[in-house]
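User: Take me through this model by question and answer. Keep it short.

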Amino acid sequence: KLMTVEQTQQQIRGDLSRQRQYFSDGNTLDLAIRERYLSDLESALISHKDRILNALQEDLNKPAVEAFLAEYYFLLQEIRVVKKSLKKWLKPKKVASPIYFQPCSSEICIEPYGVALIVAPWNYPIQLALAPLVSAIAAGNTVVLKPSELATASEDLLVKLLASVFPPELVHVQTGGVDVSAALLGEKFDFIFFTGSTEVGKIVASKAAESLTPCVLELGGKCPCVVDSTADIKLAAGRILSGKFFNGGQTCFAPDFVAVHESVKDDLVAAMQCEMELVPWHLEMAHVINDRHYQRLSNFLVGLDDEQIVCSGEDDRSVCKMAPRLVMGINWDHCLLKEEVFGPILPIVSYSSESDLIEELRGMSDPLALYLFSESKDFCLTMQQSKRSGGLCVNDTMKQSSNLELPFGGVGESGNGRYRGEFGVRAFSYQRAVVRRGKLGAQWMDLKPPYGKLFPWLERFMR
């Protein structure tokens, strides 16, 4: 039975009130309890493995290998990393205190924010919902999770899986569409974690600013892949296409376009064509999420000649299957270079000089990732210093975001804040300064008038 807007708002407020009380009562503060819930979630993932893979196949036709690695095993590894080191990460850090405070102890404590809202996207509907949830629970928060309504099978699975692990006062899964998301953002949370498009990210940031709510925004943008004249062309072709077509190109840090030096452009295109003939991506590749996004991708191809497109396989719009393709013969002003593609279309442009390349890239927003294929350390250093990005990967794609020892996040329009592993626990926590003074000590530090000759003494000795 569908609820009215007013009923939905009342239900959300009731859930929030219960979670806020649960947190205020100190139920999330015991480290052993947090670790137990993480272990329970790990066990639930293992027991739900087949259902997870089936849901991802139903939502996105995601190949089992991709679903297993990116949305199942990666989550298990993160839970295990967090459990292993959580006590060490949360241990208060002792710091020095000024001599004139003595006797005194000072430390930095890692504290949870409180009630956290996590808004997850549809492209990795399990992993990008549960990875921040792991961090939030480890840090000691309660969570309201809003999965994407576009990935319906994954949404249904998350409701059942998380209900089997957590009490609703600790973790509540809120289903629904855009109206429900708007209702959630209209409430006061202690922290917001959003993964999605830059456009929606701006709305989230605006709503968070109204109540001065801290937030992490994991967005996207046009991630450039630069191939210079010194690159190993065969290696570059294989690794670029592997990163681009993973999950059907629907990855926020996938290579969005290739900028190749004009002297090796033909060689790169030939190597990519050969790769596409050898590797059956069109047979085992995730589908586009829905018909609206399929149409959005099709619009990019309007006006292009057949000679400009290299396509592998056939499209089938009835199931939102779009074959992978390269697009050549376009310039830097084409729409494919203006909007994030987020699909199995890879535009290729050329550049003639390093300075021209830098000028073009600086005219774009800062991306989530920058990929460089080059054997020149000087070129890579110049590019690193010339263009900001959330992450940087040299002579490969995606790997900077697959290491749980590294922070993941964007800069500028590709987002702000970092998570994964320790960085995720830090994201859902704040640093609290704690000072404890003894009864003894310098009485003049208890400042109160009359000050008498205190100021001349301070000027003389406190330099």
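User: Which residue in β13 does C225 stand opposite?
Analyst: This is a predicted model: local features need pLDDT of at least 70, side-chain atom pairs count only at pLDDT 80 or more, and totals for chains, interfaces and linings use all residues. Residues are numbered from 1 along each chain as its sequence is written, and side-chain values use heavy atoms, leaving out hydrogens and water. Strand β8 (residues 224-227) and β13 pair in the parallel sense over three bridges; strands are DSSP runs of E, at least two residues, numbered from the N terminus, and pairing takes at least two DSSP bridges. In β13, C225 faces Y371.

User: What is the bridge partner of Y371 in β14?
Analyst: β13 and strand β14 (residues 391-394) also pair in the parallel sense, over four bridges. A369 stands opposite G391 there. For Y371, the partner is C393.

User: Which residues on the two sides of β13 are buried?
Analyst: In β13 (residues 369-373), five of five residues are buried, meaning under 20% relative accessible area with a 1.4 Å probe, protein chains only (exposed is over 50%, partly exposed in between). In a regular strand the side chains alternate between the two faces of the sheet. Here both faces are covered: one side has A369, Y371 and F373, the other L370 and L372.

User: Why do the buried residues of α8 line one face, and what arc do they fall within?
Analyst: Those residues are T198, G201, V204 and A208. An α-helix has 3.6 residues a turn, so residues three or four places apart point the same way. The arc is taken from the directions from the helix axis to the C-beta atoms. Down the axis of α8 the buried residues line one face because they fall within an arc of 110°.

User: Which exposed residues does the face of α8 turned away from its buried side carry?
Analyst: The buried residues of α8 (residues 198-210) pack against α7 (178-185), β6 (191-195) and β7 (215-218). The face turned away from them carries E199, K202 and E210.

User: By how many degrees are neighbouring strands of the three-stranded sheet turned against each other on average?
Analyst: This open sheet has the order β1-β2-β16 and antiparallel pairing. β1 (93-95) and β16 (429-437) stand at its edges, each with a single partner strand, so one side of each is left without a neighbour. With direction ignored, the average turn is 30°.

User: What share of the 463 residues of the chain counts as buried?
Analyst: The chain has 15 helices and 16 strands. Its C-alpha trace spans about 85 × 65 × 40 Å along the principal axes. Of its 463 residues, the buried share is 53%.

How values were computed. Axes fitted to C-alpha atoms, helices over the stretch in contact; angles between N-to-C directions. Contact = heavy atoms within 4.5 Å.
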